[in-house]
2 protein chains.
Amino acid sequence: MLQDDVQLISVDDHIIEHPQVWRDRMPAALKERCPQVIETEAGMEWTFDGHRSSTIGLNAVAGKPWEERNIDPARYEDMRRGCYDVHARVADMDIDGVQAQLCFPDFPGFAGRRFIKAPDKALALECVRAWNDYVLDEWCGSAPDRFIPLVIAPLWDVDASVAEVERTIAKGARALSFPERPDGLGLPSLFTTAWEPLLDLVASAGVPLCMHFGTGGALELGPDRPLGVRWAVGAQRSMTAATEMLFGPMFIRHPQLKVALSEGGIGWIPYILERADYVWERHRFYEKVNDVKPSELFADHIYGCFIADEAGLRDRYAIGIEQIMWEGDYPHADSNFPHSRKTVTEELADIPDHEAAMIAELNARRLFHFERAS
Amino acid sequence: MLQDDVQLISVDDHIIEHPQVWRDRMPAALKERCPQVIETEAGMEWTFDGHRSSTIGLNAVAGKPWEERNIDPARYEDMRRGCYDVHARVADMDIDGVQAQLCFPDFPGFAGRRFIKAPDKALALECVRAWNDYVLDEWCGSAPDRFIPLVIAPLWDVDASVAEVERTIAKGARALSFPERPDGLGLPSLFTTAWEPLLDLVASAGVPLCMHFGTGGALELGPDRPLGVRWAVGAQRSMTAATEMLFGPMFIRHPQLKVALSEGGIGWIPYILERADYVWERHRFYEKVNDVKPSELFADHIYGCFIADEAGLRDRYAIGIEQIMWEGDYPHADSNFPHSRKTVTEELADIPDHEAAMIAELNARRLFHFERAS
């Protein structure tokens, strides 16, 4: 059971950037081309480099009754203030019983995909740097014991990524958002050596890669599927990414590297570890495969993350009790705000106290080197 | 524990067609264009309508030591005779401790994809009919109590499919191989009404759809992935297909329809049922979704199938003890031939006798209306 003295840490939440995030930080020459918010007949939209880009705060629905939810709040005033205002966010975390969050970007895409796709890379680099400064200085800096700082990188350029990750680590970054399948974004795959300098850096610095599901390209689903299918099967991306990493060279080359499968769920992990080992036992004789069993690599490198997942918690020893972390997903529809603490407590009711503490707090503190304030 | 009087039934094995399967059965005018085996410098290959099509018996490796296995036995004499000779197959089943098998096609593709893709549909229809006659008359007909007859259909034409399934049911067919994602093959999706006449027929006749993983198009994996990744994550196709069916209209319209997720594994099912219900509870207010919970539809309609799956067996009540069936996968590399009975017995060692009997025999007999010979 979750004890009262456990501080609940969530390793997957979302920031909805306010309109001044880039305007306040970009070099003067690029200010007019940076992401900014305009008014349209439909509400508010982001523009970037002269192009209308997206609605604001897709699925930022925290606090609304289920029946009134949809996928496109169109104005900031339609959202809870905690979506985009850090002080309101901390107040909502207090209501929700959450001590700390690790927050992903919204407009940039979970791993900065929008900037990876932008044609002007000088502009895109400044946008990445501005978001990182915003999240480190304004967001996390406002309440350092309440946020685990996660940054993005200019992933189209590995050397520039190394420079930006070094710069942000010096400012306190504790995690890097990275696509679960970089070649889905037109970048080199994790089976190449292209990422070695960046992986060397994050492995030696103890900075985990957070691979949020859906960062490696969209699910291939037919156009006639309900959105529910897309939300329900998103974990297949995390499942495939985990399997690829377990058969690939990444963890062999980087024994210190850690990966979190953000919003990937955990109930499928016992299945895929058993299956990967079964395949490894049978098929490794006619192709070059690692000498280490997939399940052994998993135990040393991968963390599963869940919002609500009784199946995974029932079979938690097959995942690894030190490798499970909880997520709040504020302000998206999967969140249980303002009842996160109550919901987690119910999910962990039958689990021994020390295991509940590991899942709710201690595993995240250890992985992200995020100590309790004394 | 699996008791000695339980007859082991496998719901997923594979036939490697012998060279005369089509030549012996096609109308004279089409005989030269039907699938036939030629000798090449590399070994034996199938040709179809004048085009070289594929090697023979991909991954038909039963009985070989692990270290000598690869993915392309190139000649019939390199395979066990049981791959293509029904009498040798029955002898191998006796060695393996397997009472009955449900066998999928090899050259046609699991659901007849090669004929779906063929440009000459008159030729393709005759090829489908010839394979069905072969499997019903020669293969299953040689030992009716040892094989559950599964047929394919000319799925590019729903009316022709209805006619062929009616024809084959009259000859004893008990299952229809159907793609888990027909639009992956360029056919209408299961979210359309195109399949209604065929689904009406199979539902009312008590003929389950067997959806073998990989029949709805290949996994989208990068070209640099080891084959092991492909073998290990194949279940993501079954997971997605199951979720689509649970959010779609098919089971609402056809309360009697049953689906088996062939070679899909079962360990991921508790996770996806919980996840699908979670999404259904939250997202059904802004789009048209079924009034019935996904997990309730699963309980009435879908069967999970496994070769070796301790994770799924541990959590078997979350799947449904009546909805789990075993598979042998002879003669592919996942098979445990000649130790299938021993392996299943070990996997079911901690499971109550009556549950082990359901999983090993009774569920398959009930689903496929395949009674014990008296």
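Two strands are said to pair when DSSP finds at least two bridges between them. With that idea in hand, let us walk through this structure, which is a predicted model.

In E4(B), Arg52(B) is the bridge partner of Thr47(B). The strands involved here are E3, covering residues 43-48 of chain B, and E4(B), and they pair in the antiparallel sense over four bridges. Now step back to see the sheet around them. It is an open sheet of three strands in the order E2-E3-E4 of chain B, with antiparallel pairing. Strand E2 (36-40) and strand E4 (51-55) of chain B are the edge strands, each pairing on one side only. From one strand to the next, the twist averages 45°.

Chain B has another sheet to visit. Six strands make up this open sheet, in the order E7-E8-E9-E10-E11-E12 of chain B, and here the pairing is parallel. Its edges are strand E7 (150-151) and strand E12 (324-326) of chain B, each of which pairs on one side only. Further in, strand E8 (residues 175-177) and strand E9 (residues 209-210) of chain B run in the parallel sense and share two bridges. If you look for Ser177(B), you will find that its bridge partner in E9(B) is Cys210(B). A helix joins the picture too: H7(B) packs on the sheet and touches strand E10 (259-261) and strand E11 (302-306) of chain B. The direction of H7(B) makes about 155° with that of E10(B).

Next, let us look at where the two chains meet. On chain B, 61 residues are in contact with 61 residues of chain A. The size of an interface is often given as the accessible area lost when the parts come together. Between chain B and chain A, the buried area is about 5300 Å², and carbon and sulfur atoms give 55% of it.

What kinds of links cross this interface? There are 34 residue pairs in polar contact between chain B and chain A, and the count of salt bridges is eight. One of the salt bridges joins Arg225(B) to Glu244(A), with the closest N and O atoms 2.9 Å apart.

Which helices of chain B take part? Helix H6 (227-232), helix H7 (235-247), helix H9 (269-283) and helix H11 (310-314) of chain B each supply at least two residues of the side that touches chain A. H9(B) gives the most, with ten residues. The residues on this side of chain B divide into 28 nonpolar, 15 polar and 18 charged.

Definitions and conventions
Residues numbered from 1 in each chain as written. Chains lettered and ligands numbered in written order. Predicted model: local features only at pLDDT ≥ 70, side-chain atom pairs only at ≥ 80, totals over all residues. Heavy atoms only, no water. Contact = heavy atoms within 4.5 Å. Buried area = accessible area lost by both parts, 1.4 Å probe. Salt bridge = Lys/Arg side-chain N within 4 Å of Asp/Glu carboxyl O. Polar contact = N/O pair within 3.5 Å; in protein donor to acceptor, adjacent residues only side chain to side chain. Nonpolar A, V, L, I, M, F, W, Y, C, P; charged D, E, K, R; others polar. Axes fitted to C-alpha atoms, helices over the stretch in contact; angles between N-to-C directions.
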